[in-house]
Amino acid sequence: MSLADVVAEELPPEINPVLPPPAFTAEQAEHLIACPLCDTLHEEREIAEGETARCARCHEVLESPRRSAMTRIIMLALSALVLMVAAMFFPFLELSVAGRVQRSSLLDTILAFSSGMTAPLTIAMASLIVILPSIRFLSLVYVLAPMAFGHRPARHAEFFFRLADHLRPWAMAEVFIVGVAVALVKVAGLAHLSIGPAFWAFVALVLVTVLKDNFMCRVTVWKTLESRRS
Amino acid sequence: MEDARVAPVLTARRAGMIACTECGKVHVPGLERCTRCGSHLSSRDVTSLQRVWAWLGAGLVVYVPANVYPMLRTTLLGKTTDSTIFGGVVDLMHHGSYGIAGIVFFASIMIPVAKFIAIAYLALSVTHRVKLSPGKRQHLYEVVEFVGRWSMIDVFVVAILASLVQLDFAAAINPGIAAISFALSVAFTMLSAQSFDPRLIWDASEEPEQ
């Protein structure tokens with residue numbers, strides 16, 4: 001039975017949690033792909049590089065393979081890591097009032113909450129700005145680098161790719177950059193402000209992250225992982 | 001292809017199959033985890049709505065102190081002033097920086113409130129009949145998921161200001177207790193949105209007309 005036949009039969013809508021008997025065997029299911037957002041089944045086709053496959057019902061992107069995407073993601077993730085180290089230790093912003101200079105690095109910003117009642121926020125800040133983005137970059141390199149060199153995927157690669165995907169909303173580097181812009185304006189009237197090298201490293205980091213996420217197609221990576229595994 | 005929305009669509013569930021929400025692989029029922037990516041498999045997340053309401057409630061509860069207590073304690077020449085989130089916006093407008101006041105107002109007042117309403121609406125639309133089409137509701141869900149993290153701006157601003165402006169008695173800025181509850185509120189609503197199973201949006205529309 002093909003996909004078209006089943007659709008033509010107009011199965012009654014099921015709202016109860018009990019599933020109807022499976023319409024496909026495990027082998028037939030190999031050639032199907034379901035939209036991760038709305039559950040619609042599609043027959044799987046070869047998607048050429050540069051093309052984008054979308055769900056027929058909700059138009060969510062299913063697959064969008066890009067040329068040499070794997071190498072590009074690895075390069076971008078590595079540069080993001082280097083930029084992160086730079087952003088951590090160089091001064092971020094400099095404030096000068098009447099000859100006194102106050103420098104602030106990313107570390108100082110993270111530690112700003114470390115006294116008094118707001119201490120737990122220090123851990124949250126460190127995680128959102130530095131730790132979680134770094135874990136994401138590292139796991140992407142760990143998952144993709146062996147495959148880019150033609151090896152089998154590394155051990156537990158599946159776990160680390162799932163981790164990278166789940167952490168995505170919690171890595172808030174770009175939100176932080178907009179926060180810096182707002183803070184700049186707030187202080188501008190109070191004192192003379194200058195932007196340090198770490199700020200530009202962080203801006204570059206955000207651009208690199210956005211580029212990297214554009215190249216990355218979740219389903220394509222999963223399929224590559226599976227085919228290289230066997 | 002144009003009438004794909006109107007034509008009956010075969011979902012994995014109606015075909016008696018279970019699809020992985022992480023990698024899209026289709027499985028026959030009976031498997032605990034996806035054979036491709038190892039994610040937990042379920043036809044529909046039955047606890048989804050419960051978790052949505054629980055996190056949303058928690059988010060609402062901590063949103064109250066976030067607005068009542070001071071976000072920022074500014075000490076200028078020995079004089080300490082506390083400012084709440086809304087007070088900060090008003091201050092910015094007094095300084096004439098309307099653009100930034102707009103950003104802060106949008107990110108820390110408009111977005112959180114809109115998110116509470118949007119998530120509640122989406123959760124209600126699963127069990128009640130609503131006007132918005134499933135396609136539009138899914139779009140709303142994607143917007144909520146995308147926009148939620150941007151509310152964190154205000155917490156970051158407070159941290160940056162507090163680390164930067166430490167000039168002894170001349171001027172000092174310290175974070176207020178509201179920073180914590182605001183950060184928690186943002187995190188809870190993000191978790192609430194993530195708990196929502198978007199497949200439920202479409203299931204409700206597949207119910208027979210009454």
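Modeller: Start with helices: those (H or I, at least four residues) and strands (E, at least two) are DSSP runs, numbered from the N terminus. With that, α6(B) gives four residues, the largest share, to the lining of the second largest cavity. Some ground rules: this is a predicted model, with local features needing pLDDT of at least 70, side-chain atom pairs counting only at pLDDT 80 or more, and totals for chains, interfaces and linings using all residues. Residues are numbered from 1 along each chain as its sequence is written, chains are lettered from A and ligands numbered from 1 in the order written, and side-chain values use heavy atoms, leaving out hydrogens and water.

Biologist: What makes B:K25 and A:E226 a salt bridge?

Modeller: The rule wants a side-chain nitrogen of Lys or Arg within 4 Å of a carboxyl oxygen of Asp or Glu. Here N to O is 3.2 Å, so the pair passes the 4 Å limit. Across the interface of chain A and chain B, the rule finds six salt bridges.

Biologist: How do you know how many residues of chain A and chain B are in contact?

Modeller: Contact means heavy atoms within 4.5 Å. By that test, 78 residues of chain A touch 75 of chain B.

Biologist: And what is the area buried between chain A and chain B?

Modeller: Buried area is the accessible area (1.4 Å probe) that two parts lose on being put together, summed over both. For these chains that comes to about 6,900 Å², with carbon and sulfur atoms giving 70%. On the side of chain A, A:D39, A:R57 and A:K186 lose the most area to chain B, together 11% of what that side buries.

Biologist: Why is something called a cavity?

Modeller: Because, on a 1 Å grid over the protein atoms alone, it is a set of points where a 1.4 Å probe fits but cannot get out; lining residues have an atom within 4 Å of a point. Grid points are joined across faces, edges and corners, and a volume is the space filled by probe spheres set on the points.

Biologist: How much space lies in the second largest cavity?

Modeller: About 60 Å³. Its lining includes B:Y63, B:F116 and B:T189.

How values were computed
1 Å grid on protein atoms, 1.4 Å probe; cavity = no way out; pocket = protein on both sides within 12 Å on 5 of 7 lines; lining within 4 Å.
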